[in-house]
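Work through the exercises below with the sequence and the 3D structure at hand. Try each task before reading its solution.

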Amino acid sequence: MAAPTNPLHLAVALDGAGWHPAAWREPDAEPGRLFTPGYWTGLVARAERGLLDFVTIEDGLDLQSDDRAVRDQRTDRVRGRLDAVLIAARVAPVTRHIGLVPTAITTHTEPFHLSKAIATLDYVSGGRAGVRVQIAGRADTAAHFGRREIPPRRVEPGMRRLSAEPDMQRLAADHFDEAADYVEVLRRLWDSWEDDAEIRDVATGRFIDRDKLHYIEFEGRWFAVQGPSITPRPPQGQPVVAALGHAEVPYRLIARAADVGFVTPRDRAHAAQIVAEVRGEEAAAKRTVAHLFADVVVFLDDNAGAARARRQRLDERAGAAYASDAHIFTGTPAELADLLLDWREAGLTGFRLRPATLPHDLAQVTMRLVPQLQRRGAFRAAYPEAGWPASLRGLLGLSRPANRYGPEAQEHSLAAGHGRKRSPR
Amino acid sequence: MSKPAKQIHLAAHFPGVNNTTVWSDPAAGSHIEFDSFRHFAQTAERGKFDFLFLAEGLRLREQNGQIYDLDVVGRPDTFTVLAALAAVTEHLGLTGTINSTFNEPYEVARQFASLDHLSGGRAAWNVVTSWDAFTGENFRRGGFLAQGDRYERARTFLRTATELWDSWQGDEVLADAARGQFLSTPKAGAFAHHDRFFDIEGQFNVPRSPQGRPVIFQAGDSDEGRDFAAASADAIFSRHSTLSDGQAFYKDVKGRLGRFGRTHDQLLILPAATFVLGDTDAEAADLARQVRRAQVSPQTALRFIEQLWNRELPDFDVDGPLPAFDPVVSDNLVSKGRASVRQFAKDPVALAGEWRERAQAGHLSAREVVIEVTGRQSFIGSPQTIARTINDLVQADAADGYILVPHITPGGLDPFVDRVVPLLQELGTFRADYTGTTLRDHLGLVPLGRPGATGATGAGGSLA
């Protein structure tokens, strides 16, 4: 089979027992194993057998809650998580091809720590690391750290968006601005060592050429970071950065900071509108986002009636109809393939599928959806064996970025007549 | 009747960013690539070692205002490497040094709890504390801590982290699909800690891990540090590797345990130690001399002299005598981010005098003095000599075992595992195979009971 000329990119979002709150009660679920390494290596190995570009792993610095504003007190849902970066690191040595994109919270953590953690994930995975950055807006989460006040939020019943009060909007905008600064620090730290900085020159006794290490000297509203990183530049140069957005402010973060943006269109027309909005933010940010993926929750079965019946059964067990920020697809893998190829025409380059239940809907993706897409010439038939194409950036069709502090970038910035260059592409 | 022989504990310290690591050796490999860590860890596990140990540094060292370039520079993130190593080992304990100053309890507690889950109960934390604004320049809050607050904050940090680990009793996750009950209680993980360092409350989000909490290591050597360890640690990473130093330290620290309601066997003393192995003792001694010269290149010798004299010495000839003038006495040190320099700074003029006396007595050049005074080779000899020495030291209560630091990455541990470990096993004082699954098992520490139950030893227990 010839390589597809315009391949679709596919990721799967792993979270607990799946995205439906009753997923953990399914017969094939393994709710007693959620906190074991074997659970995660099994899921990611399955995703890898489906040749997917990457998996994301959800995370949070709080117990999960059905209520977006405060911690709920439910005991009938999956509660508790392991650190997503460490899950990814645990999975890396036992997988070979698939990208690993853990979620990290930018609001209460140190960019210096996360930068070296993701750089190290890139080393232990042989160039397959990414990170999805996320803000934490809940007051009770902030109380776990006690370093900043976040006022309690009000979400009116039935309201999809968070409070429209101006001070709340300003706070959310601050969190996203902080996330953009955070990613800027990650990226500078990843570049703070040039690739050939380690010289091991016995004659002069020098292990490194220190002229090829760079202070990043970042100063912003929330933090100042001097650098350089303690970890040399990772194999991909710049691991992949992803962010999810539903509105203008997060679109700005995607435009300023992300290589892959996750968005939540309701339909093809809405997808086109979102793509246009993000492109508008890109113009302001003077950079382009390599990929826009639509998030879709999937209930998949070999016939559509079975998928609908399963969703209904899950809803009954959960005591409520499943709602999501993303489009919810219920049907067959073939129908989903139709939808993905249709939505792609709106300017999307890929999809992050959220399996309603695990492992069922993941297996449907890898064993049914992927062959459908392959038959239509829209998905890879095999992973690249080795070298740059086998890295996560390589899978996503991205080149290895020049180092912003390297000689190449310096010439570029001199030629362009300004000191601060655009993010390397 | 003699008491039964003590069992020896052995650990492997991945070679660090000091001049003890000889990167110039042709056999020296990467200090960053995962293959080096995998090789090192799997060698330690082949040798039935208790655990692997990783140090940490959060700012690249500087001297004379420039990044220090003569030693290995750069290392990976501790947690991430340990989680990856959990995938390629089955029994080996995984000990990470993590600073309590540049982290928050909630995050560190969940990283260690996660590591413990992901390794099946093999996580350990070497709790260190830092205070320098230099390192703090890489972090949100900066780093300065008043001298009197250093241990107080570290103690409080560990106590708070322990409260977070103990906020889950271990039986909350029912995962009862038929009844639809995932947790037994909505209060799982509830905690509240309010003091001048940490003012936090809420719910911890990682269920109780296989060991309950990571094994706790402490490395401080001061009176306060020893009390901290006697009160809260499961093991001490010490620097007292010789017989007399080791025995004095061992006696002192074990003697403190009673004050904190703890017994002799609840705290292991594990000094860091290096080794040079040869076919014969004479060959090993010769190799050791070569290693010391490789560890102290002319350039490295000059930097050491500058650290003690606390000034730049651009035209100094290290093959000639030490400087005749006295060091600059100042709080403003030419070397930054290096703990050992504080030893120099205590009384630099007197120390320089000692160095000159050694030079005179032994007719030594400046470099040769540095080679002598900085030499840190604990065990030199044939496999038989080293095995006997280690066993004798442990039986004489100079230690409970050693954390071995090879000078070559990643292969430096292999000859020890191949040639010394079998001799220790023959002596019957080192395990022939693992008998448990958790690091607590390997270290002979009793499993932790339910939080709050009587007899449970609590890390961060209150200080008398």
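## Exercise 1: A helix and its cover

The model is predicted. The buried residues of H2(A) are Ala84(A), Val85(A), Leu86(A), Ile87(A), Ala88(A), Ala89(A), Arg90(A) and Val91(A).

Task. State how far H2(A) is enclosed by the rest of the structure, and name elements that cover its buried residues.

Solution.

Step 1. Apply the cut-off: a residue is buried if 20 or more other C-beta atoms lie within 10 Å of its own.

Step 2. Eight of the eight residues of H2(A) are buried, so this helix is largely enclosed by the rest of the structure.

Step 3. Look for the cover. From chain A, it includes helix H1 (37–49), S2, S3 and H3. H2 and H3 of chain B are also part of the cover.

## Exercise 2: A strand with neighbours on two sides

Task. Describe how strand S3 (residues 99–105) of chain A is buried, and work out which strands it pairs with.

Solution.

Step 1. Sort the side chains by direction. Gly99(A), Val101(A), Thr103(A) and Ile105(A) point one way from S3(A), while Leu100(A), Pro102(A) and Ala104(A) point the other way. Residues of both groups are all buried.

Step 2. Draw the conclusion. Seven of the seven residues of S3(A) are buried, so the strand is largely enclosed by the rest of the structure.

Step 3. Find one partner. Strand S2 (residues 54–57) of chain A runs parallel to S3(A), and four bridges join them. Val55(A) is opposite Leu100(A) in S3(A).

Step 4. Follow the chain between these strands. S2(A), helix H2 (residues 84–91) of chain A and S3(A) form a β-α-β unit, which is right-handed.

Step 5. Find another partner. S3(A) pairs with strand S4 (residues 130–134) of chain A over three bridges, in the parallel sense. Here Gln134(A) in S4(A) is the bridge partner of Ile105(A).

Step 6. Follow the chain onward. From S3(A) it passes through helix H3 (residues 111–124) of chain A to S4(A), in a β-α-β crossover that is right-handed.

## Exercise 3: The contact between the chains

Task. How many residues does each chain bring to the contact, and which classes make up the side of chain B that touches chain A?

Solution.

Step 1. Chain A brings 62 residues and chain B brings 64 residues.

Step 2. Locate the side of chain B that touches chain A. Among the elements that each supply at least two residues to it are helix H2 (78–88), helix H3 (105–118), strand S10 (199–203) and helix H9 (298–309) of chain B.

Step 3. Sort that side by class: 33 residues are nonpolar, 19 polar and 12 charged.

## Exercise 4: The overall form of chain B

Task. Compare the radius of gyration of chain B with that of a compact globule.

Solution.

Step 1. For 464 residues, a compact globule would have a radius of gyration near 23 Å. Chain B has 23 Å, which agrees.

Step 2. Consider the outline. Along the principal axes, the C-alpha atoms of chain B fill a box of roughly 80 × 50 × 45 Å.

Step 3. Consider the interior. In chain B, 53% of the 464 residues count as buried. Of its contacts with a separation of 6 or more, 75% come from residues 24 or more positions apart.

Step 4. List the elements. Chain B has 15 helices and 17 strands.

## Exercise 5: Two domains and a covered strand

Task. Describe how the domains of chain B meet, and find the strands that run parallel to strand S17 (residues 401–404) of chain B.

Solution.

Step 1. The assignment divides chain B into domain 1 (9–145 + 209–274 + 377–443) and domain 2 (282–374). Their C-alpha centres lie 27 Å apart.

Step 2. In the contact, 19 residues of domain 1 of chain B meet 18 residues of domain 2 of chain B. The side belonging to domain 1 has five nonpolar, 10 polar and four charged residues.

Step 3. Turn to S17(B). Gly401(B) and Ile403(B) lie on one side, Tyr402(B) and Leu404(B) on the other, and all are buried.

Step 4. Strand S1 (residues 9–13) of chain B runs parallel to S17(B) and is joined to it by four bridges. Ala12(B) is opposite Leu404(B).

Step 5. Strand S13 (residues 268–273) of chain B also runs parallel to S17(B), joined by two bridges. Ala272(B) is opposite Ile403(B).

Key:
Residues are numbered from 1 along each chain as its sequence is written. Chains are lettered from A and ligands numbered from 1 in the order in which they are written. This is a predicted model: local features need pLDDT of at least 70, side-chain atom pairs count only at pLDDT 80 or more; totals for chains, interfaces and linings use all residues. A residue is buried if 20 or more other C-beta atoms lie within 10 Å of its own, exposed if 12 or fewer, and partly exposed in between; C-beta atoms are placed from the backbone. Two strands pair if DSSP finds at least two bridges between them. A crossover is right-handed if, with the strands pointing away from the viewer, the path from the first strand over the helix to the second runs clockwise. Two residues are in contact if their C-beta atoms, placed from the backbone, lie within 7 Å. Ala, Val, Leu, Ile, Met, Phe, Trp, Tyr, Cys and Pro count as nonpolar, Asp, Glu, Lys and Arg as charged, and the others, Gly among them, as polar. The radius of gyration is taken over C-alpha atoms; the globule rule is 2.2 Å times the number of residues to the power 0.38. Domain bounds come from an automatic or database domain assignment.
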